[in-house]
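The following paragraphs go through a predicted model, beginning with a pocket and moving on to the elements around it. Please keep the structure open while reading.

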Amino acid sequence: MNIKNSQKEVDDWIKEHGVRYFNELTNMAQLTEEVGEVARIIARRYGEQSEKESDKDKDLGEELADVMFVVLCLANQTGIDLQDAFDKKMDKKTKRDHDRHHNNEKLK
């Protein structure tokens, strides 16, 4: 996935279909709501909670895509080049965490 292209695709969609971006606080609330939906599916499908019949048709991929959409909106409206930020984060994590995880007894 090219994040820069995804940011542009979301921006184009907002301009064509969305009228304008919701403000940052509204998008933060939406992000929290979407992450909650992901958490509900994971807790019930993979965790110890029993899954309600009404939750069995929920699509985890769709909910994760909702999270991504709102994250891309927030990046766009705050001027963040998410591709650049992600690339820097991956470089930092690679340098910092490579040996740390290989030497973690809990992961063996």
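The largest pocket in this predicted model has a volume of about 210 Å³. A pocket here is an open set of points on a 1 Å grid over the protein atoms alone, where a 1.4 Å probe fits, with protein on both sides within 12 Å along at least five of seven lines; lining residues have an atom within 4 Å of a point. Grid points are joined across faces, edges and corners, and the volume is the space filled by probe spheres set on the points. By type, the lining divides into seven nonpolar, three polar and three charged residues. Nonpolar covers Ala, Val, Leu, Ile, Met, Phe, Trp, Tyr, Cys and Pro, charged covers Asp, Glu, Lys and Arg, and the others, Gly among them, are polar.

Helix 1 (3-18), helix 2 and helix 3 each supply at least two residues of this lining, and helix 3 gives the most, with four. Helices are DSSP runs of H or I with at least four residues, numbered from the N terminus. Residues are numbered from 1 along each chain as its sequence is written. Because the model is predicted, local features need pLDDT of at least 70 and side-chain atom pairs count only at pLDDT 80 or more, while totals for chains, interfaces and linings use all residues; side-chain values use heavy atoms, with hydrogens and water left out.

Before helix 1 comes a segment that holds N2. N2 is partly exposed, with a relative accessible area of 36%; buried means under 20%, exposed over 50% and partly exposed in between (1.4 Å probe, protein chains only). The side chain of N2 reaches the backbone nitrogen of K4 at 2.9 Å, and a polar atom of that side chain lies 2.9 Å from the backbone nitrogen of N5.

In the loop between helix 1 and helix 2 sits V19, which is exposed at a relative accessible area of 78%. V19 has a positive phi of about 70 degrees although it is not a glycine. Most residues other than glycine have a negative phi.

Helix 2 has 22 residues (24-45), which at 1.5 Å a residue should span 32 Å, and its end C-alpha atoms are 31 Å apart, in agreement. The expected span is 1.5 Å times one less than the number of residues. At the N-terminal end, N23 caps helix 2, with a side-chain oxygen 3.0 Å from the backbone nitrogen of L25. Which residues of helix 2 are buried? They are N27, L31, E34, V38, I41 and R44. An α-helix has 3.6 residues a turn, so residues three or four places apart point the same way. The buried residues of helix 2 pack against helix 3 (60-77), contact meaning heavy atoms within 4.5 Å.

Helix 3 has 18 residues and reaches 26 Å from its first C-alpha to its last, close to the 26 Å expected. D59 caps its N-terminal end through a side-chain oxygen 2.9 Å from the backbone nitrogen of G61. The buried residues of helix 3 pack against helix 1, helix 2 and helix 4; among them are L60, E63, V67 and C73. Just after helix 3, G79 takes a positive phi of about 75 degrees.

Helix 4 (residues 82-102) contains D97, which is buried, with a relative accessible area of 5%.

Terms used:
Polar contact = N/O pair within 3.5 Å; in protein donor to acceptor, adjacent residues only side chain to side chain.
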